[in-house]
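Let's take a friendly look inside this protein together. Have the sequence and the model open as you read.

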Amino acid sequence: MSLNKPVNILLVDDQPENLLALEAVLGKLGENLIQASSGEEALRCLLNQDFAVILLDVQMPGIDGFETASLIRSRARSQHTPIIFLTAFDSSDHGIFRGYSLGAVDYLIKPINSDILVSKVAVFVDLFKKTAAVKLQAAQLKAVNAELRRSEEQFRSLSASSPSGIFVIDPTGQCTYTNPRYDAICGRLAENWCECVHLEDRDRAISQWQVYLEQGGEFSEEFRLHTQDTRALWVQVRSCPMFSQTGEPQGYVGTIEDITERKEAEATRAQVMREQLARQEAEVANRMKDEFLAVLSHELRTPLNSMLGWVRLLRSKQYDQKMIDRALETIERNAETQAQLVEDILDVSKIIRGKLRLNYRAVHPIAVIQAAIDAVRPQIEAKSILLETEFEPDLPSLWGDSTRLQQIIWNLLTNAVKFTPSEGQITIRLTLDDANMAKIAVMDTGMGIESEFLPHVFDRFRQADSTTTRSHNGLGLGLAIVRHLVEMHGGTISADSPGAGLGATFTVRLPLLNSSELQDKLPGDSLMSVDTAQKVIW
């Protein structure tokens, strides 16, 4: 019986208003409420239905509650059905004693607290459902055992001609029967297949077999055997317990099958797949390397050409101060762009070689975000982008490298500005998530991310458009660096986008310091390598 299926609850009372009140109180249980206005009607209901519990009024004309309970208990089908007596008149010890002597599970005096009544009834409803489920499982188990017994008889008649090796082991672990196919695989003199297992597989095979003998269940493993001609033979061994007609354990029956050809075919396929995968990975790596080198040369040459061009113009003739200022501003901007490219390449090199280090200290997340916003503000204002911030106040501090944390937010903001059109919108939201971590979400209304590229957005050297003619510059390293820095701080980062043209959201989660952790930090040692800091935090 399903625990979710409604069960029957019998409500017996000669007053319709009492029945209505009980139904209103117990209706929240979602069970099948059946009403009876007299003892006689209650007994008729019990003829063809089973009930999880009976709520029985004591004072009723004709057959009262006590007599009704006695008749209920006299029938085998309902003798164990729980009865809860309800009364507004007989609260004497004699009445209560008489109710319990008739097998009542409870005796409640009206007016009755609705919450107490619901909780008491719910207990018996749950017990009724679980009892029914146990009975159903017992019936199913009985049917399975009967089928196993029939299968055993069929096994005895077919085992001699079976194409698989068959063995029988008694409860003590001794092999008592093998069929001809077993003898052909393991050898006629082998009393137990474990004796034939290859030396490299023997310890594993024996330990797994011992666990199976101790715990029961089913056994299925693959091993190599030594055969009489000294060649290695792959076999699959399966086994399950045997039971007698009365359900007593009689040992174990198992099969052993030669799977050498299958294993050799699998090994060949695996080798081919490894070679194909290695070739594909090499092709992808070469293509990514070529694309990255092309993009790198383009990205380095573009600001360099601009700087060289302005330098040559300044040398060729005299310009007014306005033009000189413009030239210097352009040269400075391109120099900073080129410096950032070099910094990204150096960071990736440190990450690959495991040399990137962090200087840990207590840092407030709002201060980190504000510093990153200040650094990106000229780019935001140049494109007339609306920037909104939503900061949850009173968050604890982070324990991390303030420069690298600012680099994380700066990269995400720069990425958002790059792919958001003029007069678009960027939102930065700082909240506390369900795991008590700082949750920083950077949302934009930009060009979005294609679903096919979304799983690779944090990969090194991966860009949705890796051609040198793309509309947005960059080496495809920023988000990869961001992910590594976030993970070094013990956090996580994820990207989400509804699709092309629908914007994107990057969410960073970083662990926060509670007051006790902050007091544990060494006051004179706030700068430390990543290895030392990890020992303090984790």
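How many cavities of 30 Å³ or more does the structure hold? There are two. A cavity here is a set of points on a 1 Å grid over the protein atoms alone where a 1.4 Å probe fits but cannot get out, and lining residues have an atom within 4 Å of a point.

This is a predicted model, in which local features need pLDDT of at least 70, side-chain atom pairs count only at pLDDT 80 or more, and totals for linings use all residues. Residues are numbered from 1 along each chain, and side-chain values use heavy atoms, without hydrogens and water.

The largest cavity has a volume of about 50 Å³, taken as the space filled by probe spheres set on the points. Its lining divides into ten nonpolar residues, no polar and no charged, among them Ile 408, Leu 405 and Val 508.

Ile 408 also belongs to the largest nonpolar core, where Ile 408, Leu 412, Leu 413 and Phe 506 have the most contacts. A nonpolar core joins buried Ala, Val, Leu, Ile, Met, Phe, Trp, Tyr and Cys residues through side-chain atoms within 4.5 Å; buried means under 20% relative accessible area, exposed over 50% (1.4 Å probe, protein chains only).

| Core | Residues | Including |
|---|---|---|
| Largest | 47 residues | Leu 412, Phe 506 |
| Second, separate | 21 residues | Val 12, Phe 66 |

Elsewhere, helix H2 (residues 39-48) buries Gly 39, Ala 42, Leu 43, Cys 45 and Leu 46. Down the axis of H2, these buried residues fall within an arc of 155 degrees, so they line one face of the helix. Arg 44 and Asn 48, on the other side of H2, are exposed.

Definitions and conventions:
Helices (H or I, at least four residues) and strands (E, at least two) are DSSP runs, numbered from the N terminus. The arc is that of the directions from the helix axis to the C-beta atoms. On a 1 Å grid over the protein atoms alone, a cavity is a set of points where a 1.4 Å probe fits but cannot get out, and a pocket is an open set with protein on both sides within 12 Å along at least five of seven lines; lining residues have an atom within 4 Å of a point. Ala, Val, Leu, Ile, Met, Phe, Trp, Tyr, Cys and Pro count as nonpolar, Asp, Glu, Lys and Arg as charged, and the others, Gly among them, as polar.
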